[in-house]
Amino acid sequence: MQTNIVGVEESWNPVTDCNKSSFGNQNNQADQMPYRLQAKGKQDNSKRFQVTCHSAELKRPFSWKNPRLVFVNSTVDLFHDDVPLNFIYGAFLVMSHTRQHTYQILTKHSERLLELNSELRWESNIWMGVCVEDQEHLYRIEHLRRTGATNKLVSFKPTFESVTDIDLTGIDWVISGGESGPRFRPVDRKWVRR
């Protein structure tokens, strides 16, 4: 699926839907995804907010001829507790076998990311990131730092308060900003600049 995410050429969604496990994703794109998929005949809307794994979708990156910058699960967290371990391993296996593509993954479930770290194939084409929406969730950066990911990123997006005392040692890339969409919650530009 092509995406409107700046710099990203492709969105790869082997998992769809999620429950709202964090304040940061109370107003996210996942709200609309079930309706989009239902319109395309790909999903029964009665499964709204149920994590659903799509095994056939795992194979899609093999069909892309040209290298792409790919955002993994643009509306769902690959490390959500309801995503089976074998499915996560399968996604990492696909990414490691399609090294011509660069994959970006973001998670709010940094505890599970750290727990599975030693069992994942960390190739240089896999950019792992965590979302930090407020001061309370700064610990996710430390979890990320302790993984074997070659390229590490932090997304302070959406930002809901000024976040201070940030240690970015070992972090390669930082994204910051507010929410988008019709029900976006305001962001103070000072928070982003800081």
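This report describes the fold, the nonpolar core, the aromatic pairs, the salt bridges and selected surface and backbone features of a predicted protein model.

The model is predicted, and local features require pLDDT of at least 70, side-chain atom pairs count only at pLDDT 80 or more, and totals for chains, interfaces and linings use all residues. Residues are numbered from 1 along each chain as its sequence is written, and side-chain values use heavy atoms, with hydrogens and water left out.

**Overall architecture**

The protein has 5 helices and 8 strands, where helices (H or I, at least four residues) and strands (E, at least two) are DSSP runs numbered from the N terminus. Along the sequence, these elements follow the pattern β-β-α-β-β-α-β-α-β-α-β-β-α. Of the 194 residues, 49% are buried; buried means under 20% relative accessible area, exposed over 50%, and partly exposed in between (1.4 Å probe, protein chains only). Among contacts with a separation of 6 or more, 68% are between residues 24 or more positions apart, a contact being heavy atoms within 4.5 Å. The protein exposes about 10,000 Å², and carbon and sulfur atoms supply 49% of that area. Accessible areas come from the Shrake-Rupley method with a 1.4 Å probe, and for residues only the protein chains shown count as cover.

**The nonpolar core**

In soluble globular proteins, nonpolar side chains tend to be buried together. A nonpolar core is here a set of buried Ala, Val, Leu, Ile, Met, Phe, Trp, Tyr and Cys residues joined through side-chain atoms within 4.5 Å. The largest such core has 35 residues, of which Trp-12, Phe-79 and Phe-92 touch the most other members. Two or more residues each come from β4 (69-72), α2 (85-97), β5 (102-107), α3 (110-116), β6 (126-131), α4 (139-145) and β7 (151-156). Helix α2 gives the largest share, 6 residues.

**Aromatic pairs**

The whole structure contains 4 aromatic pairs. Rings of Phe, Tyr and Trp (its six-membered ring) pair if their centres lie within 6.5 Å; planes under 30 degrees apart count as stacked, over 60 as edge-to-face and the rest as tilted. Phe-79 and Phe-92 form an edge-to-face pair, 6.2 Å centre to centre with 70 degrees between the planes. This pair links distant parts of the chain, 13 residues apart, with Phe-79 in the loop between β4 and α2 and Phe-92 in helix α2. Phe-79 and Phe-92 are both buried. The ring centres of Phe-92 and Trp-122 are 5.2 Å apart and their planes stand at 85 degrees, so this pair is also edge-to-face. Because Phe-92 lies in helix α2 and Trp-122 in the loop between α3 and β6, the pair ties together parts that are 30 residues apart in sequence. Trp-122 is buried, as is Phe-92. Phe-79, Phe-92 and Trp-122 form one aromatic cluster.

**Salt bridges**

The structure holds 8 salt bridges, each a side-chain nitrogen of Lys or Arg within 4 Å of a carboxyl oxygen of Asp or Glu. Three of them are listed below.

| Residue pair | N to O distance |
|---|---|
| Glu-123 and Arg-99 | 3.2 Å |
| Glu-123 and Arg-121 | 3.6 Å |
| Arg-140 and Glu-133 | 2.8 Å |

The salt bridge between Glu-123 and Arg-99 links parts of the chain 24 residues apart, with Glu-123 in the loop between α3 and β6 and Arg-99 in the loop between α2 and β5. Glu-123 counts as buried at 18% relative accessibility, whereas Arg-121 is partly exposed at 36%. Arg-140 and Glu-133 are both buried. Elsewhere, Glu-10, Glu-57, Arg-60 and Arg-68 are linked in a network of salt bridges.

**Backbone and surface features**

Asn-73, which is not a glycine, has a positive phi of about 55 degrees. Asn-73 lies in the loop between β4 and α2 and is buried, with a relative accessible area of 3%. Asp-165 also has a positive phi, near 55 degrees. Asp-165 lies in the loop between β7 and β8 and is exposed, with a relative accessible area of 74%.

Ile-166, Leu-168 and Val-174 form a nonpolar surface patch with about 200 Å² of accessible area together. Patches are made of residues with over 30% relative accessible area and no salt bridge, with like charges joined within 9 Å and nonpolar side chains (Val, Leu, Ile, Met, Phe, Trp, Tyr) within 5 Å. Val-174 is placed in strand β8 (residues 173-176) and is partly exposed, with a relative accessible area of 37%.
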